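Dear colleague,

I am passing on the structure below, and I would be grateful if you could look it over alongside the notes that follow it.

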Amino acid sequence: MSENIIELKNLTKTYGAKDAVKNASLNIKRGEFVTLLGPSGCGKTTTLRMIAGFEMPTSGQIIFDGEDITTTPPHLRKVNTVFQRYALFPHLNVFNNIAFGLKLKTIPAGTKTNRKGEEVQLFRKYTKAEIKSKVDAALKMVDLEDYGHRYVSSLSGGQQQRVAIARALVNEPEVLLLDEPLGALDLKMRKDMQLELMNMHKQLGITFVYVTHDQEEALTMSDKIVVMRDGVIQQIATPEKIYDEPANAFVADFIGESTILSGVMLADYKVEFAGAIFECVDKGFKKNEPIDVIIRPEDLKILSPDDKKTIITAEVISSVFKGDHYQVTLMANENEFIAHDTATYETGSTVGLYIKPFDLHIMHKSRVINEIDTEMAAENSVYICGEKFECVCPFEAGTPVKVSVDFDDVIITDDEEDGTIGATVVSSIYKGSYYQCIVRTDDYYDFFVDTDDDWLKGDRVGINIAPEKIIVEKREVNADGEALPSEQAQPVVIDQTVEEAAENGTEGTAVADDKEVQE
Amino acid sequence: MTNAVAAVRPARKKFKITKRVFSYPYVLFMLLFVVLPLVMILVNAFLDSDNNLTLENFKIFFTEKSSLIVLGNSVFVGLVTTLICLLIGYPVAYFLSKMSSGKVLVLFFVLPMWVNFLIRTLATKAIFLAMDVTLGMGTVVFGMVYNYLPFMILPLHTTLSSIDRSYIEAAQDLGADSSTVFLKTILPLSVSGIISGITMVFIPTISTFAISQLLSNGKIFLFGDSIQMKFDQGLYGVGSIMSIVMLVFVLVSNFLMNRVGRNNNNMGRSLW
């Protein structure tokens with residue numbers, strides 16, 4: 001019996017031209033509560049549906065308990081699903097909904113010897129009495145003892161939710177898959193159900209795979225969180241690690257509030273951002289390497305400006321009461337910081353800021369410049385994403401080139417028509433004094449753009465680039481006219497929970513040497 | 001309707017266009033062409049040829065063996081037609097609902113309905129004659145099925161394609177193979193469509209006329225035909241009785257269908 005109940009190996013699912021899930025690899029341990037977390041459309045539900053068997057992966061493998069189940073139809077898999085909108089059968093009452101799986105199940109019933117003298121395994125169905133006792137037990141578990149005869153349409157959302165859970169659990173699956181099961185419930189009910197699900201997980205000891213877009217839910221419930229975005233796994237780690245040491249700016253922005261700033265690593269243990277030099281605990285970066293700095297609001301300490309610990313002074317922009325703390329927005333050297341403090345500060349007053357070296361999280365930038373492999377359209381004109389862009393460059397038409405454009409040299413226009421090419425805004429992350437947007441062109445190239453404005457996710461925009469800002473370099477091409485393999489390989493995401501275990505010397509199998517996630 | 005009628009009555013000094021006003025033409029139409037004929041049928045049923053009150057018409061109808069045979073024939077043809085329509089229509093609707101181009105293909109089954117049914121039936125007859133097929137019960141049932149199949153396919157297709165895929169996935173998830181998925185989820189969930197289809201085929205077929213006459217060369221006489229004949233012969237009384245019998249049949253079968261539908265399907269989706 002292997003330790004991993006489910007192993008996903010390089011799982012890819014493609015719909016038309018779009019990759020819903022890209023090269024996802026994940027190990028799920030027996031008895032673990034694993035959450036797939038990400039914004040809508042990130043491929044988390046598709047991944048779950050592939051585990052359940054409703055979607056066939058385009059490539060890759062799904063291993064269940066050491067057995068390849070990639071092509072096994074859903075009804076033969078030892079998993080059960082709690083669906084997003086419950087999918088309770090409207091033509092059956094609560095009892096029969098829960099009994100649905102039991103009535104179909106066959107269980108071993110001893111062996112007999114056939115005429116050839118071989119042992120034959122006998123199977124039988126559950127008896128009526130067995131079904132009744134199991135369904136009653138399941139109803140009791142979800143506190144709906146007296147609801148067996150009711151039709152599902154007469155139940156409230158929360159009750160339907162419980163029936164859906166009972167219907168899945170009554171089959172005693174080895175893995176329970178939950179697809180945003182609490183999405184349709186109100187906040188109070190959701191909190192209660194979170195606790196109940198956690199209790200069930202503890203009592204039953206089976207593996208839960210949970211899909212949600214709610215980061216708080218994921219942090220509360222999980223043993224292990226898998227953060228996904230655009231079909232790519234960004235980070236696999238424990239909730240604490242995901243929160244404290246996000247792998248990249250996206251994870252940091254998605255998990256909880258934080259201030260994300262661009263900075264430069266001056267030397268080991270020394271980082272410069274927002275016009276000041278801070279001490280940190282990170283080393284091994286290149287000298288003057290551009291990096292992202294992440295500061296959680298509760299780690300930012302507000303002091304008096306004269307305090308000797310003060311590293312940087314800031315002006316209070318606003319202070320808003322949030323129930324158990326004040327959210328203080330501060331401006332220091334044109335960089336915005338957010339802090340949580342128990343005290344309030346007067347708007348306009350000057351304060352000092354201090355961050356413990358340990359609380360500064362430094363990350364490699366996922367990209368420092370937009371690079372595209374393309375070719376010249378004519379002299380002083382280059383193809384970018386299928387359209388001709390003017391540039392200053394003497395190469396003749398057809399020359400293979402590499403085009404580089406700085407983040408702040410890409411100009412986004414409000415009207416798609418005004419741009420040379422159209423694109424869709426994929427994300428927008430505030431970096432203290434500007435927004436870093438990712439805009440995706442129609443042939444799936446992602447432009448990183450630094451702008452002063454916050455662009456709405458999903459909006460169509462136009463892209464322009466000034467001719468003198470396009471840096472063109474000749475590109476090496478081999479005899480077949482194919483580009484030399486670039487070093488930008490598939491991102492390597494390793495399970496940090498395994499890594500942690502290995503560090504502790506207890507268990508663990510795979511330890512990859514590349515810790516960071518690089519796109 | 002009584003409400004609307006009552007609303008007309010109070011003398012009004014100023015005429016105001018309200019929402020209710022727009023219903024007047026319809027109410028008038030209903031009174032003239034639905035309520036009045038029904039009343040006339042009811043009155044006629046109790047009058048003899050000299051306009052005297054009588055129950056003789058009932059006696060004539062219920063004692064005459066031939067008219068009861070015609071009624072039996074009608075019900076038989078109706079049942080057979082409905083059964084065949086269901087047997088052909090369900091698989092067709094099922095596969096169309098599974099196909100992405102199903103909506104367009106359904107149109108092909110509906111398309112013949114755009115041709116007048118008399119023309120269609122005459123054309124069918126011409127084809128049968130050209131093929132040297134003896135006209136009789138077989139050809140009548142064929143004509144009926146051909147005419148009423150779209151009425152079976154349409155409600156079934158609507159119901160089947162509105163079944164949420166997640167129910168099917170849930171059944172698969174709980175261990176049902178494809179035949180069990182069909183028997184335990186798709187079939188029960190499509191009961192409302194089946195009921196609608198049966199109602200929409202059975203009720204018109206028992207009352208239909210012309211199709212049977214044309215496709216059997218007048219050999220097979222159905223209830224609709226014989227009502228038409230009675231009125232042609234000036235036997236308004238007996239004709240009215242038969243119309244009432246027909247009406248009772250339609251109402252009873254409608255009522256039964258609704259009952260079955262309500263018991264079997266909690267979703268309450270009905271196309272009627």
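The accessible surface of chain A comes to about 24800 Å², with 48% of that area belonging to carbon and sulfur atoms; accessible areas come from the Shrake-Rupley method with a 1.4 Å probe, and for residues only the protein chains shown count as cover. For chain B the accessible surface is about 15600 Å², of which carbon and sulfur atoms hold 69%.

Please keep in mind that this is a predicted model, in which local features need pLDDT of at least 70 and side-chain atom pairs count only at pLDDT 80 or more, whereas totals for chains, interfaces and linings use all residues. Residues are numbered from 1 along each chain as its sequence is written, chains are lettered from A and ligands numbered from 1 in the order in which they are written, and side-chain values use heavy atoms, with hydrogens and water left out.

On the two chains: chain A has 9 helices and 32 strands, while chain B has 13 helices and 0 strands, where helices (H or I, at least four residues) and strands (E, at least two) are DSSP runs numbered from the N terminus. The C-alpha atoms of chain A fill a box of roughly 85 × 65 × 50 Å along the principal axes, and the C-alpha trace of chain B spans about 70 × 65 × 35 Å along its own. Buried residues (under 20% relative accessible area, with exposed meaning over 50% and partly exposed in between, for a 1.4 Å probe and protein chains only) make up 50% of the 519 residues in chain A and 41% of the 272 residues of chain B.

Between the chains, 21 residues of chain A are in contact with 19 residues of chain B, contact meaning heavy atoms within 4.5 Å. Together the two chains bury about 1900 Å², 63% of it on carbon and sulfur atoms, where buried area is the accessible area (1.4 Å probe) that two parts lose on being put together, summed over both. Of the area that chain A buries against chain B, A:His75, A:Pro90 and A:His91 supply 30%, more than any other three residues.

Within chain A, 5 strands form an open antiparallel sheet in the order 15-14-13-16-22, two strands being paired if DSSP finds at least two bridges between them. Its edge strands, each pairing on one side only, are strand 15 (276-279) and strand 22 (361-364). Strand 13 (residues 259-267) and strand 14 (residues 270-273) of chain A pair in the antiparallel sense over 3 bridges, and A:Met265 has A:Val271 of strand 14 as its bridge partner.

Strand 16 (residues 289-295) of chain A contains A:Asp292, which counts as buried because its relative accessibility is 4%. The side chain of A:Asp292 makes a polar contact of 2.7 Å with the side chain of A:Lys431; a polar contact is a pair of N or O atoms within 3.5 Å, where within protein one must be able to donate a hydrogen and the other to accept it, and residues adjacent in sequence count only if both atoms are side-chain atoms. Leaving aside neighbours within four places in sequence, the contacts of A:Asp292 include A:Leu261, A:Ser262, A:His361 and A:Ile362.

Finally, helix 1 (residues 44-52) of chain A is mostly covered, with 8 of its 9 residues buried, among them A:Leu48, A:Arg49 and A:Met50. Just after helix 1, A:Gly53 takes a positive phi of about 100°.

With best wishes
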